Amino acid sequence: MTAPINQYMRVQGRQFALDLVESLGEQIYTPIGVANAITKLTAATQNKPESHAVGIQDIIEVLQKASLNGATNSKDEDN
């Protein structure tokens, strides 16, 4: 049985993740930058309280969806 998610800690995890993404600057607009951000955020979830890690994972999911949409959109533009 897992404990209920502490929403305050989840928001703190999201903010931590957003700060990390922001620190990448212009690099985040490249596929390699997004991949680096996901790698760093995934590593950051280790040894964190579950609620904090869930917040970080929320941002990872957004980055993954955005990178998939970006790949789809760039393919569409080539046609």
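Predicted model: local features only at pLDDT ≥ 70, side-chain atom pairs only at ≥ 80, totals over all residues.
**Overall layout**

I counted 3 helices and 0 strands in the protein chain. Read from the N terminus, the order is α-α-α. I then checked burial: 28% of the 79 residues count as buried.

**Helix H2**

I took H2, residues 31-44, and compared its length with expectation. Its 14 residues should span 20 Å at 1.5 Å a residue, and the end C-alpha atoms are 20 Å apart, so the two agree.

Next I listed the buried residues of H2, which are Gly 33, Val 34, Ala 37, Ile 38, Leu 41 and Ala 44. Down the helix axis they fall within an arc of 135 degrees, and therefore line one face of H2. I set this beside the general rule that an α-helix has 3.6 residues a turn, so residues three or four places apart point the same way. On the face turned away from the buried side I found the exposed residues Pro 31, Ile 32, Thr 39 and Ala 43.

**His 52**

Is His 52 buried or exposed? I find it buried, because its relative accessibility is 11% and the cut-off for buried is under 20%. His 52 sits in helix H3, residues 50-78. Leaving out residues up to four places away in sequence, I recorded that His 52 touches Met 9, Gln 12, Gly 13 and Phe 16.

How values were computed
Residues numbered from 1 in each chain as written. Heavy atoms only, no water. Helix = DSSP H or I, 4+ residues; strand = E, 2+ residues; numbered from the N terminus. Buried < 20%, exposed > 50% of the residue type's maximum accessible area, 1.4 Å probe, protein only. Expected span 1.5 Å × (residues − 1). Arc of directions from axis to C-beta. Contact = heavy atoms within 4.5 Å.
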